[in-house]
Amino acid sequence: MMNEQQLIAFFEDLHQHPELGLQEVRTTQKLKEILTAAGVELLDTGLPTGAVAVIRGSRPGRVIGLRGDMDALPITEASGLRYASCEAGKMHACGHDFHTACMLGTALILQEKRDQLAGTVKVVFQPAEEIAKGGKLVADTGLLNDAQEFYGIHSYPAFPAGTLGIKEGPVMAAPDRFSVTITGRGAHAAQPDKGIDPIPALAAIIQALQTIVSREVNPFANVVITVAHVEAGNTYNVIPETAFLEGTVRTLDEKVRLQVQQAMRRVIERTAEAYQCTAALDYQVGPDAVVNDAALCAEASALAREMGFQVARQEDTMGGEDFSEFLKICPGVFLRIGTGGDYPGHHPRFTVDPAALWPAAQYCAALAMRRAEAEK
Ligand code: NI
């Protein structure tokens, strides 16, 4: 068993050695060493990174899933921390080192208390959240199919240590990705009539896409369409053959998600046609929105207050999260753990307050124990 200082030391070590999605080899190895030494059962996921730990109680009960993610971001750290990243161009700038350490603490606490546990707790150490791949990879193993409730955690800079963010309903958006290639016909820039310029078509499409949000979708629905990358041509006196754009769509509701996708195809193809071009839309569906179960939010909030945490509603966000892969199995809650700090996630100066770690692990263990034993 680890104490608070040892768990914080584990977190600091992970922070110094960030690994990108699907490359979390060292992190996985360290985790497995500690879990195995503590006698915690590990399931064979068949995946090169990540782990699923199981704690089986001494009495029958329900199966509860917990999930923390493990991967870092391709950012060079500028936090100035004593335990800042040793890897140039890699940083735990989203607190996934905190999540991993928290879930390790949780698994160790549950292992120690398993004679008091009624039911089974499966603790998922998920790789590759930042590239929206790991959730599906782990869920597709089928190892979590018997879970009856799932809880995920995320660090939250807007709240100090000691505060949990719990909110029912949609808390993270479905992050889809799209790209468009517009094809015209290249020509001399002085002779536009001899070609078909794809650049005005590109400009018109970028403008027209926003009317889907403002003129087609119910104003009470939440939709973001962002064009984030545009490319066309490479010099001043040549009309290029093609133009390219890509971006992301964020939605909270499945029907709206489909409506937007269909409208985009129509607007893109027909706008291109109006400019005598053709346009091909490649729409890549990402993870679903994360939607928290209202009854389970009430349970999670009640326990948090009993344990002395402040509970607050986190701010709405159109950020994405592949925790939704586990909510396809059963209902659950994506919880925000207040971790303080002056900078938002994905910032080179992002930090978490290590004081939040031990209480968060205690809370996750208590939540899993209570829900495993619950009637329903
Ligand atoms: Ni994150």
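1. Strands S3 and S4. In this predicted model, strand S3 covers residues 59-69 and strand S4 covers residues 118-126. The two run parallel and are joined by nine bridges.

2. S3 and S4 belong to an open sheet of eight strands with mixed pairing. Read across the sheet, the order is S1-S2-S4-S3-S5-S16-S6-S15. The edge strands are S1 (41-43) and S15 (310-312), each of which pairs on one side only. From one strand to the next, the twist averages 25 degrees. When tracing side chains here, keep in mind that in a regular strand they alternate between the two faces of the sheet.

3. Helix H3. Residues 96-112 form helix H3, which packs on the sheet. The strands touched by H3 are S2 (51-56), S3, S4, S5 (149-156) and S16 (332-338). The direction of H3 makes about 160 degrees with that of S3.

4. Helix H7. A further helix, H7, is made of residues 294-306 and lies across S5, S6 (163-165), S15 and S16. H7 runs at about 35 degrees to S16.

5. Strand S12 and its partners. Strand S12 consists of residues 242-251. S12 pairs with strand S8 (residues 174-183) in the antiparallel sense, over ten bridges. In that pairing, Thr183 has Thr242 of S12 as its bridge partner. S12 is also joined to strand S10 (residues 223-232), by nine bridges, and these two strands run antiparallel. Here Ala232 has Ala243 of S12 as its bridge partner.

6. Burial of S12. Is S12 mostly covered or mostly uncovered? S12 is mostly covered, with seven of its ten residues buried. Buried here means under 20% relative accessible area.

7. The largest pocket. The space in the largest pocket comes to about 880 Å³. Which residues lie nearest its centre? They are Glu129, Arg250, Gly319, Gly320 and Glu321, out of a lining of 37 residues. By type, the lining residues divide into 13 nonpolar, ten polar and 14 charged.

8. Strands at the pocket. S5, S8, S12 and S16 each supply at least two residues of the lining. Two of these, S5 and S16, are strands of the open sheet described above, while S8 and S12 are the antiparallel pair with ten bridges.

Methods: Residues numbered from 1 in each chain as written. Predicted model: local features only at pLDDT ≥ 70, side-chain atom pairs only at ≥ 80, totals over all residues. Heavy atoms only, no water. Pairing = 2+ DSSP bridges. Helix = DSSP H or I, 4+ residues; strand = E, 2+ residues; numbered from the N terminus. Axes fitted to C-alpha atoms, helices over the stretch in contact; angles between N-to-C directions. Contact = heavy atoms within 4.5 Å. Buried < 20%, exposed > 50% of the residue type's maximum accessible area, 1.4 Å probe, protein only. 1 Å grid on protein atoms, 1.4 Å probe; cavity = no way out; pocket = protein on both sides within 12 Å on 5 of 7 lines; lining within 4 Å. Points joined across faces, edges and corners; volume = space filled by probe spheres on them. Nonpolar A, V, L, I, M, F, W, Y, C, P; charged D, E, K, R; others polar.
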